[in-house]
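Please open the structure in a viewer and keep the selection tool ready.

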Amino acid sequence: LRPPAMSRRVVRQSKFRHVFGQPVKADQMYEDIRVSKVTWDSSFCAVNPKFVAIIVESGGGGAFIVLPLAKTGRVDKNHPLVAGHTAPVLDIDWCPHNDNVIASASEDTTVMVWQIPDYVPVRNITEPVVTLEGHSKRVGIISWHPTARNVLLSAGCDNLVILWNVGTGEMLLALEDMHTDLIYNVGWNRNGSLLVTTCKDKKVRVIDPRKQEIVAEKTKPHDGARPIRAIFMADGKIFTTGFSKMSERQLGLWDLKNFEEPIALQEMDTSNGVLLPFYDSDSSIVYLCGKGDSSIRYFEITSEAPYVHYLNTYSSKEPQRGMGFMPKRGLDVSKCEIARFFKLHERKCEPIVMTVPRKSDLFQDDLYPDTPGPEPALEADEWLSGKDAEPILISLRDGYVPVKNRELKVVKKNILDNKPPPGPRRSQSASDPDISRPALEEVLEEIRALKEMVQAQEKRISDLENKLGQFTNGTD
């Protein structure tokens with residue numbers, strides 16, 4: 001809402017003043033999907049340049065469905081699900097460094113990481129690559145590290161934030177005693193050196209996970225009692241959404257150097273859905289999607305007052321149950337597309353395309369600065385030891401072509417490597433000859449041979465499934 005004085009000012013120059021949102025044609029939607037009815041404020045949808053994943057209703061456990069982006073139209077009711085959890089799935093997140101890997105968090109207290117094949121499998125996928133167990137209550141939030149390979153964060157209703165190395169299946173860090181109540185959301189900064197969290201105790205905290213310390217904290221950035229969300233901007237500022245005392249929805253922008261006073265605070269409306277912020281650092285636009293709203297509002301964040309500039313609202317008739325947000329490399333640069341949302345209805349998923357209309361057919365470099373690509377900048381142990389790195393950027397000049405399926409390998413530490421320290425030898429009896437080394441070698445050799453056999457069989461099954469997949473896809 002603009003004070004009258006502002007409307008007399010010269011119109012602000014911005015290439016994003018005319019961002020134009022429109023839904024795709026009916027045959028480009030994904031129909032007949034039973035979207036989850038769980039009451040939880042996550043987005044229920046995750047997308048990348050290859051797939052759209054949606055948390056769905058499923059009897060006896062928790063599941064989500066993964067569809068190749070091109071597989072629009074009616075979804076076959078027997079389409080396989082990713083179904084390994086024993087209770088509803090609450091959050092899903094694609095790995096930013098491998099488009100075939102997705103993590104899911106569930107009410108069953110576990111986090112599972114899945115390898116999704118490029119072909120459509122014939123049966124449900126029920127075997128995760130790794131199951132991460134460490135929470136004592138349901139897990140409602142997961143988020144991959146933006147620049148380090150295989151680092152995954154989970155936050156549970158046990159008020160605990162855990163960082164995992166998915167490549168070894170190990171817990172790297174547990175952030176305990178920092179949150180006194182339910183955690184509403186967790187976000188990384190651009191290089192993954194800091195976290196911002198919001199909590200039912202009405203505090204926004206900025207945490208250095210490796211030092212395990214809170215570096216900044218703000219109590220009641222919004223006075224209302226309803227949930228707050230917070231995300232990092234590329235320059236390190238923090239953007240929040242929440243509610244005023246009068247239950248009006250608000251957005252705020254904060255500078256960590258002076259966390260006491262907001263740089264900007266705006267009232268929006270009196271709707272009661274939590275506003276989920278989606279941020280595009282390349283264009284510096286924040287899109288706000290309220291659960292249960294039928295609109296998407298968007299704002300440009302700049303470094304000069306009033307800092308948060310309202311751009312426009314995309315409105316539709318139907319309320320949204322959840323929302324997926326495509327990473328930049330999944331967009332169509334030839335159509336000047338700067339964002340694509342995947343809006344969940346009760347029974348379908350509707351892509352909404354945001355474009356900046358241009359007359360020229362040439363690549364618009366000003367709309368598409370180099371953007372984070374799929375290569376991680378660090379390994380998990382480098383990050384843990386204190387290294388930071390900015391995302392490795394790629395150009396979208398010729399569009400982005402997703403890479404072929406890359407296997408996620410989990411290398412569990414071998415428990416046999418942790419041999420007991422040499423102590424005083426037991427005195428040997430005649431019935432206890434020292435045959436342990438060769439016998440152990442023999443058993444290990446046998447295990448290795450069996451493993452190879454199983455892997456060979458698995459490859460054969462997957463090849464056959466591949467062939468079958470091509471055959472059935474061909475007859476669609």
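**First stop: a buried pair**

Select aspartate 269 and arginine 249: both are buried, a word that here means under 20% relative accessible area, with exposed meaning over 50% and partly exposed in between (1.4 Å probe, protein chains only). The model is a predicted one, in which local features need pLDDT of at least 70 and side-chain atom pairs count only at pLDDT 80 or more, while totals for chains, interfaces and linings use all residues. Residues are numbered from 1 along each chain as its sequence is written, and side-chain values use heavy atoms, with hydrogens and water left out.

The side chains of aspartate 269 and arginine 249 form a salt bridge, at 2.9 Å from N to O. Aspartate 269 sits in the loop between strand 23 (264–267) and strand 24 (275–280), and arginine 249 in strand 22 (residues 249–254), so the pair ties together parts that are 20 residues apart in sequence. Helices (H or I, at least four residues) and strands (E, at least two) are DSSP runs, numbered from the N terminus.

**Second stop: further salt bridges**

A salt bridge is a side-chain nitrogen of Lys or Arg within 4 Å of a carboxyl oxygen of Asp or Glu. By this rule the count is 24 salt bridges.

Select glutamate 107 and arginine 138 next; the closest N and O atoms of this salt bridge are 3.8 Å apart. Glutamate 107 belongs to the loop between strand 9 (101–106) and strand 10 (110–115), and arginine 138 to the loop between strand 11 (130–133) and strand 12 (139–144), so the pair ties together parts that are 31 residues apart in sequence. Glutamate 107 is partly exposed, with a relative accessible area of 30%, and arginine 138 is partly exposed at 30% as well.

Then select aspartate 366 and arginine 358, whose side chains meet in a salt bridge (2.9 Å, N to O). Aspartate 366 is partly exposed at 36% relative accessibility, and arginine 358 is partly exposed at 28%.

On a 1 Å grid over the protein atoms alone, a cavity is a set of points where a 1.4 Å probe fits but cannot get out, and a pocket is an open set with protein on both sides within 12 Å along at least five of seven lines; lining residues have an atom within 4 Å of a point. There are two cavities of 30 Å³ or more.

Select Val66, His79, Ile116, Pro121 and Ile125, which lie nearest the centre of the largest cavity, among its 13 lining residues. Its volume is about 80 Å³. Which classes of residue make up the lining of the largest cavity? Twelve are nonpolar, one is polar and none is charged.

The second largest cavity has a volume of about 50 Å³. Residues to select in its lining include Lys50, His97, Tyr400 and Arg406. This lining divides into three nonpolar, four polar and four charged residues. Ala, Val, Leu, Ile, Met, Phe, Trp, Tyr, Cys and Pro count as nonpolar, Asp, Glu, Lys and Arg as charged, and the others, Gly among them, as polar.

Of its 29 lining residues, select Gln115, Glu127, Val129, Glu407 and Glu458, the closest to its centre. Helix 3 (residues 436–474) supplies the largest share of the lining, nine residues. Finally, select phenylalanine 471, which also lies in helix 3 and is exposed, at 57% relative accessibility.

Note on methods
Points joined across faces, edges and corners; volume = space filled by probe spheres on them.
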